[in-house]
Every structure is written in structure tokens, then in C-alpha cells.
Amino acid sequence: MSDLTKLTLKAAVDGLKARDFSSEEITRAFIANIEAANPRLNAYVLPTSDKALDMARAADARLAKGEGGPLEGAPLGIKDLFCTDGVQTTAGSNMLRGFVPPYESTVTANLWRDGAVMLGKLNMDEFAMGSSNETSAFGPVINPWKSGASNADLTPGGSSGGSAAAVAGDLCLAATASDTGGSIRQPAAFTGTVGVKPTYGRASRFGMVAFASSLDQAGPITKTVEDAALMLRSMCSFDPKDSTSLDVETPDWTQSLGRSVKGLRIGIPKEYVVDGMPAEQMELWEKGQAWLREAGAEIVEISLPHTKYALPAYYIIAPAEASSNLARYDGMRFGHRAADAKSLTDLYETTRAEGFGKEVQRRLTIGAYVLSAGFYDAYYVRALKVRRRIAEDFDNVWGKVDAILTPSTPSAAFAIGNRQIDPVTMYLNDVFTVTANLAGLPGISVPAGLDKGGLPLGLQVIGKALDEATVFQVASALEDAAGFVAKPEKWW
Amino acid sequence: MTDTTTADTKLIQGRTGPWEIVMGLEIHAQVASKAKLFSGAAVGFGAGPNEQVSLVDAGFPGMLPTLNRFCVEQAVRSGLGLRAKINLKSQFDRKNYFYPDLPTGYQISQLYHPIVGEGVVEVERDDGTFFEVGIERLHLEQDAGKLIHDLSPTESYVDLNRAGTALMEIVSKPDLRTPEEAVAYVKKIRTILIYLGTCDGDMEKGNLRADVNVSVRRPGEPFGTRCEIKNVNSFRFIAQAINYEARRQIEILEDGGSIIQETRLFDPGKGETRSMRSKEEAHDYRYFPDPDLLPLELEQAWIDEIKASLPELPDEKRRRFMSQYGLSQYDAGVLISEQAKADYFEEAAKGRDAKLVANWVTNEVSARLAAAGKDFAENPLPAAHVAQLVELIENGTISSKIAKEVFDHVWNGEGSPAEVVEKHGLKQVTDTGAIEKAVDEIIAANPDKAAAVAEKPQAIGWFVGQVMKATGGKANPAAVNDILKAKLGL
Amino acid sequence: MAVDVATVRRVAHLARIKTPEGRLEPLAQELNGILAWIEQLNEVDVEGVEPMTSNVHQPLRLRDDVVTDGNKVADVLSNAPKSADGFFVVPKVVE
Ligand SMILES: [Mg+2]
Ligand SMILES: [Zn+2]
């Protein structure tokens, strides 16, 4: 076997099961990659190599006995949003530097139950608030991809930028990620990887550091659609510890792959054409429609009239929930505490000013504002009403179409520092992804082409609630048609 | 029931004329559950610091609330007991504020859609008259932790054992007008909850606390600005705090000042209320629906089931005691004030003279328990003993007077009344021969007094006393009277 | 609904984030930029629409009243900036 780190998750799991190589071998190969690449890419905030090797040996022992779960021995990266028992979890924030949870998130516990190996904790935007990984207290993640001849460092997107960069750069087989407004799908699109956000309630939020509870959902970033189907199945479960967890079966989505899309009706929402979208992105979208049509699907133009209001509504709802969710970071029981505070109020204010970065502070301030007396109805309640309108838009088209095809992002990856001047410009990154969060629908980003600078572009498939099966079916057809095989040229 | 108290008896006189106090109460009643409202940690008293704390209670990252069914059921039971509307759909909201006893930075409560809506409670005054108090709402919420200030001069210690314990907040309408009414109202709510078994009512442990909203106004004027008094955790303090606060407000108003709406703390040591500095921060709780919890939906069938399982409540029981046992409203009221007392009475009254039993229960038994610092739930005296004691009186075995002596022995654990009567030979003497013998002896020894009786018939009392003395109090008083009358020629 | 410096100061305090005086004006401008963009929500007809707080269309699950947690003082205090005798220790609170 030449380079184990280039394997897909599926191939690696099969190889491990067949004992073609050991978990320790592939784990060591990834550790070597991480050691070499991380100083440049900054994808991991905490490699856990010793733990990885321990887990790998344990997996090998099970494999030797012919035992083991569906991910037995597969080395994964874990977004630092998932609490890991005995392993520092920071959510990319100085507030939680040194925080060691004495508990395991349900999502990661499910992965370990299925035999996966943890390579380390992945960098992310602070508390998942960001679309470029630049808000991380651990510094930005650098996208393994470069544009044309330019040597400029590009963002891998965010907030799951560490996850996306690690998968694209072969620093893990696959990674966990989380998506509140597009934080799985946008980085996947920026790095030529596959990212899935399942139906809200499929993956437990227990032990996942909260950003906006009604929107947060965990999912994988992987190299292929098949890997995504495989990994998502392990991550999802009904969890009584999460009151919003859906009491439903988790299907085997690999069954949907390669299944013909003949007869499926694919909706093309006219409102997803936005000003300033590069021609290549527009062309790719049209190409995607053509591929599906050729494969026998029916392309149907649809209207989701409230689309343009999704982002503004999101920027009320998410900060409002965050302003409350992040109130627990007060320096009293865990996390950062300011030194030499003069009073209790001073302790609170200084702790939080020191512990939170600028973007988090900005959102917490907006959140407190829109919930405050006199503004609650005008902002927060109105946003919740608009949210229902957006969800109804989808309900209104499901009779006519089985899935919806859109671009994943309005552009390809941009340079670090490029969009920091104006927060709203940065927020617009999520314009195509945020609707699925507001409506709780499953969405996937599939790499489908390159722009003229050679940067990956993604297409998004959105499905009905709990109908990940159709989403995977369409994504698999797109993947087959696109034949996307490009990899970033190794410069690190 | 109509309010029979006249309006002006409720007024207090200021320097410049009469004032009326207007009060609404918020009672926080701890649900008598084993585990917390949103976590599996134990609820209880006396555990070591932070022992009854889960990571959910401590607000750790990624921790999520899950709702305790029993607590929901108790809220419904309590709502039904308050004759209030049960809302089939309710929702939990977050009340956001920073305080070291509040680990998540928000209290999960119910503002916009409480589980229980409007109701009404009938309250009895000490003089036996009744008034009604409207219930605004009852909602479920979490308790906060506890701060300890005396372990260090420069720091506070935080114990989260109490954090997350389920509370029912019962909010009254501003229907109360005197400190006595406020106390009677709290007593009534407490009794109802104890009857329902939804709260143990232990005020010493803080399991039932009241916040009192007090304002004053000229009779007939609109409501004045109110102050909320916190930390009034005994009936005595409630009355004290209201009296102090009303006079403070009247004084300010009569001096031409105005009342600032604020939260005040009652200091039991000084008998005063004072402004709570810590709560003076801008009150902007930014309530919004808790996105970790979905709307709470109840099925009518479940509510009907709970309704069917409700015990007889105090008001129904009082009415039944009056009609079934012929008790006075007062006696019935005393008996039903404690469920165990009412049960005790009913057990003892089976087949006996109920009024007599009621007298024994409300007087002798109650007094002994009070002296021992016990309530009826801890009563060491079996109800069967009271029943037997009354039976012995009824069938003439002992006199009412001797019964008191018998009771003493029984209370001291010497056995049943029958055994005590037997052991101490306290049986009433109805043998006329023995009585005649005693009468003859006394008349013979006191011929002058016997002669005087002819002129002064009421002097027979002296002879009765002497006979009773001679028979050790055991002679049947009626027989003694008859025989004396015959022998003295009356 | 333009946000002024006084409002920013009040809201920053509500959020308990120490914001130096010099930062208030720029923050007000940022917030105004975001809020101006958010204003477009006023174009949406939301007459009679019920606010949507959740995507989950199931009633809230209830758990049994059983003690399943607690007795983990070491875990509870394991990340505390300061603790003593089983308590969290915080600066003196004046009530
Ligand atoms: Mg209250
Ligand atoms: Zn309350």
C-alpha cells in the first residue's frame, strides 16, 4: 500500500477489516502527516497522537479477533466543538483554553463505539461563529488549495475550517464538523470535500458546545459521498439526553448510493441566483442540472420567495440564542477567569472581554440587543415569523420536487483577511446554506468542479426532513457525473 | 363566599388620612420530587457541598436539559387543586441574568406560556369569615444554587445542590389587603399543596417561600408603585415585613415623596426591609423560548386521570365535616388545616360521638403534640385510643373528668384507655349501694349542713363534691345527685 | 432604529462584556450596519404567522423521576478556577 492517508474512509475500513494494514500503521501515517503539515495548515489545535495509537492498538486487537464496528480502526479528526472526555475542548476560544471535559459528546461516543480512532481536535472559528476560520483563538486554518499561480493563503471556510482542511490535506480519513448556518457545507465546498448537515435532530447535541441550539447540527466532512453516508450513520442516534433529538431509526444511507435518479424531480430555486456570483459558479450549477437531467431526473424550476430574508433572520436568531448559550462562560466554574477583578461585575465583564474574541463579542452584543426590552418583538419574534415563512417555502415545493439543487456558496475560497472589513459581507457566505438550518432540512455539498484558478466549487442538494436517502442518491449521481478527482498540490 | 369584612377595617391610618395596602404574592413551592426538574441529580437537604449536582446543573458546555415527568404532573395537580386552568400547551423560556448562583446564566422558567393559568382560592380568616384570592398563574421553573458568605471574608462560596430543583411559582392577583390576609393566603396555599402531596411545605428548609409585592394607595385610587420583598420565609415574617414596608411607603408618600419600584430584602433580625443592591442592576431579563426544549404538550386524558386521582381538598373536606359530623365551621376548619389531623379525626370518630371526638382531637391531643413540638403526622397516640376513650365516656364507664386523667396515662404510654381504667381502677361507680353508703356517712357527719340544704337547695353542690371525693371521683355524678336529693328530702 | 453609544454601553453591560469607551462608537457603527441590513425583514408580511422556535415537530419528551446523576464533586470542580472544601470560590458577593 503506497500512501494509506490517501485512502477514502470506505477503502480504509475495508482494508483494515481485510487486515491489509493495521490501524496502528494508518494511524502512524496520519500522525506523520499532521506533524509535517500542521505548522503550516494549523488544522489541529490539539493532536492526540498517544491516545490515537492506544485506540488504534485496541482496534487492531478487536480486528484480529474478527470483531469491530463499522469504523473499526479508522483515524478521524474531531472538531474542537465536541467535548471529549479527558481531552481539552476549547471551541476555538481562549475562554475554554485548558478546559478538560469529564464527559464525552454523544456524537464522538458513537464514533468510538463503532471503532474509530481520534487523531486530535480540529481548529474552528471561535464558538463556531465565522465563515473563514479567522475568528479562532488559535489562529486561522490555511486552505490546502491555492488559486492559480498565487501563493496567497486562502481560507478553508468556516466554522469547520480545521475539519475541511484536514480532510482535504490528508490529515485524517474524515472529520466531524458542525453546521449552524453553513459551517459544514461551505468549508466542504471551499476544500473539494463532501460535507453533510443532516436533518435537525438526527445527531445529538449532547456534549457539543452550543452556538445556536435551534440550528446547530453535527455532520461529517469526508472525501466522498459514500464516506459521508458511512460516517453520518455512525454519528447519528436517538439520544434521550437531548430533548430535540428525533426518536427515529438511522438508516444505512450507503444503500442510496449509485441508485438511479431517473424520475426524480429536482427543484432549481430561481431566488438562488445572486448578484455578483461568479460566472463559473453559475455555469457549474447549470452543469449540475444537465448531469441530473441526463441521468433521467426531471429539472423543475421552483420559487422559494423568502430566501433573501434567511440570512438577516439568521443573524437575529443565532446571536440571540448564542447570547444566552454563552452566558455560562462567566469565569465562575470553568474556563478563563480574569485576574484581579475589582468586583463581581468587573470579574464578569473582564473575564468575558478577555475570553471572547471580537466576532463573538459582536454577536453576543447583537443577541443581547435583539432580545432586550422594547426590541424583542420587533427583531426576535419577527425573525421567528420569517423563519416560518422560509420553512413554509420549502413545504410548498415538496409536492412538486424530491430534492433541490443549488450552488453551495456564492464563490470559491477567498484569501485570508479578505472579508474581514465588513461583517455583513462575511455573513453572505452562508446565503445558500442557511435556509436548510432555519428549516431543519438535510443538505450536502458535493465538489463538482474547479474555477479558473483551479479552486474547487461545490453544489448543494437539499432534501425533505429525514429524507437524507434522496439527498445521498442525488449527491452520488452528481459525484459520478462530475468525476471530481482534483487534489490540492502539496505545498506544505 | 362573600366577603363579610367591611372595607374600612382593612385600612391603616396615616398622618394625613387612611391608606389601603395592596398585595400580590409569588409563592415558590419546591416540588416534592426525587430528582431535579431538568437533570437526574437528587433533590434533598443536608448533602455535602455540590454532591447533588450533575454537569447539567453546573451548566457545563454541551449539557442539555431533559424534563422530569413527575414535576409536570405535580404542577398539573397543584393547578387542579387551585381550581385553575391547565394549559394543554406550554413552553419553557429562559430568563437571562448573571449571578454566581445561576450556573448557565439563565433560569429556565415559563413566562409567555405557563403550564397553569388562572384559578381561585378560598381563604378563611381567623374570625371564620372567608375571602377569595385570584390566582394569576402557576409555572414551573428551576431554583438557583446557594451562596455562602461566612466561610471567607473576601470570597463567597457556591454550592449548587439546590440549583435546578423544581419550583412551582404560584402568582396571585393583587387581591390581598391586610397582612393577616396575606398570611392566611399563604397558609391556605401551603395546606392545599400538602394535601395534594406536591410540596412538603417545609418553610424552615426553604421548600416554600413567599415574595410579597406591596404597594399602598388611598382607598378607591388606582394601584400605587410596588416593591417586591424577597426572603420572607415564615408566617410571622410575612406579617412583619408587610407591616414595616407599608408604613415605610406611607411615610414616604405622606412626606411628599414617591415610591421607587425595587426589590427589597426582609431582614428578620431588624424586622426591616432594605433595598437589594445586587438586584438593582437593570432589569432586562431578555426572556425568550428555550431552544433546548420543545413546547410541552399535555393530553387531556392524562389531566383527567390526574384529576380523578386528586384527594379530597381542604374546602370540600371542611364542608363535609360540617354536614356529615355536624361540626361547627370553626372545629371543621381546625381539623382540616392539617391533612393528618383530619384523617386522625375521621379514624377516631368512626361510630362515636363526632363532636366529642373533635373536642378531644382539637384540644387535648393538639395541645400535647404542640408541647412535644410534633405535628399530627408524627402523632404517637393511635386514633383508636381516642376512639376508645370517647367510647368509655359515652357508655358511662368513666366520667369526662376522669377521662382527662385516663388520657394522661394513655399519653404516657401506659396502654389503651380501657387498660388504664382497669389498671388504675378508674371505673365510674354506678353501684347505688356504694354511693348510698357514702352519702349516708357524709350526711351523718354534717347534720348542720344537711339541715341548711332545706333552705338553700344550691348547697347540695357541697355534698356532691364530698361524695365524689369520697369515691375518688369515680361515682356517677347523675346517680350521686339523685341519691342526695332523695336523702336530703329535696 | 439606530443604535447610539449609550445603547451600546447598556447592551454590552447586559452581555457582561467590558467595552472600553473608545470601542463604543465603532461598535455602534458595526451594529448599525448589521441592523440596517436586518431591517429588510420589515418587508416580509408576517401577519398571523406563528413564530417558529424549533424545527422539531414532536412534543417534549418527559423523563422519569429517578436519581441517575450527581455525586461527582471532583468532576464538577475539576475545571474550577478556584474551589475549596467542595465549593466553587468566587469574589465576595454583596447582596
Ligand atoms: Mg418570579
Ligand atoms: Zn420564580
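How many residues does the contact take from chain A and from chain C? It takes 67 residues from chain A and 51 residues from chain C, contact meaning heavy atoms within 4.5 Å. The model is predicted: local features need pLDDT of at least 70, side-chain atom pairs count only at pLDDT 80 or more, and totals for chains, interfaces and linings use all residues. Residues are numbered from 1 along each chain as its sequence is written, chains are lettered from A and ligands numbered from 1 in the order in which they are written, and side-chain values use heavy atoms, with hydrogens and water left out.

**Interface of chain A and chain C**

About 5200 Å² is buried between chain A and chain C, and carbon and sulfur atoms give 66% of this area; buried area is the accessible area (1.4 Å probe) that two parts lose on being put together, summed over both. Three salt bridges are found across the interface, a salt bridge being a side-chain nitrogen of Lys or Arg within 4 Å of a carboxyl oxygen of Asp or Glu. One of them joins Asp346(A) to Lys18(C), with the closest N and O atoms 2.3 Å apart.

Several helices of chain A each supply at least two residues to the side that touches chain C, among them those tabulated here. Helices are DSSP runs (H or I, at least four residues) and strands likewise (E, at least two), numbered from the N terminus.

| Helix of chain A | Residues |
|---|---|
| Helix 9 | 310–325 |
| Helix 10 | 344–355 |
| Helix 11 | 358–371 |
| Helix 12 | 376–397 |

Helix 12 of chain A gives the most to this side, with twelve residues.

**Metal site in chain B**

His28(B) (NE2), Glu141(B) (OE) and Glu169(B) (OE) coordinate the zinc ion (ligand 2) at 1.8 to 2.0 Å. Donors are N, O and S atoms within 2.8 Å of the metal (3.2 Å for Na, K and Ca); water is not among the atoms, so sites may look incomplete. Glu169(B) also bridges the zinc ion (ligand 2) and the magnesium ion (ligand 1), which lie 3.4 Å apart. His28(B) belongs to strand 2 (residues 17–30) of chain B and Glu141(B) to strand 8 (residues 130–142) of chain B, so the pair ties together parts that are 113 residues apart in sequence. Both His28(B) and Glu141(B) are buried (under 20% relative accessible area, with exposed over 50% and partly exposed in between; 1.4 Å probe, protein chains only).

**Helix 7 of chain B**

Helix 7 (residues 339–349) of chain B is mostly covered, with eight of its eleven residues buried. The buried residues include Tyr344(B), Phe345(B) and Glu346(B). Their cover includes helix 2 (179–196) and helix 8 (354–372) of chain B. Just after helix 7 of chain B, Gly351(B) has a positive phi of about 75 degrees.
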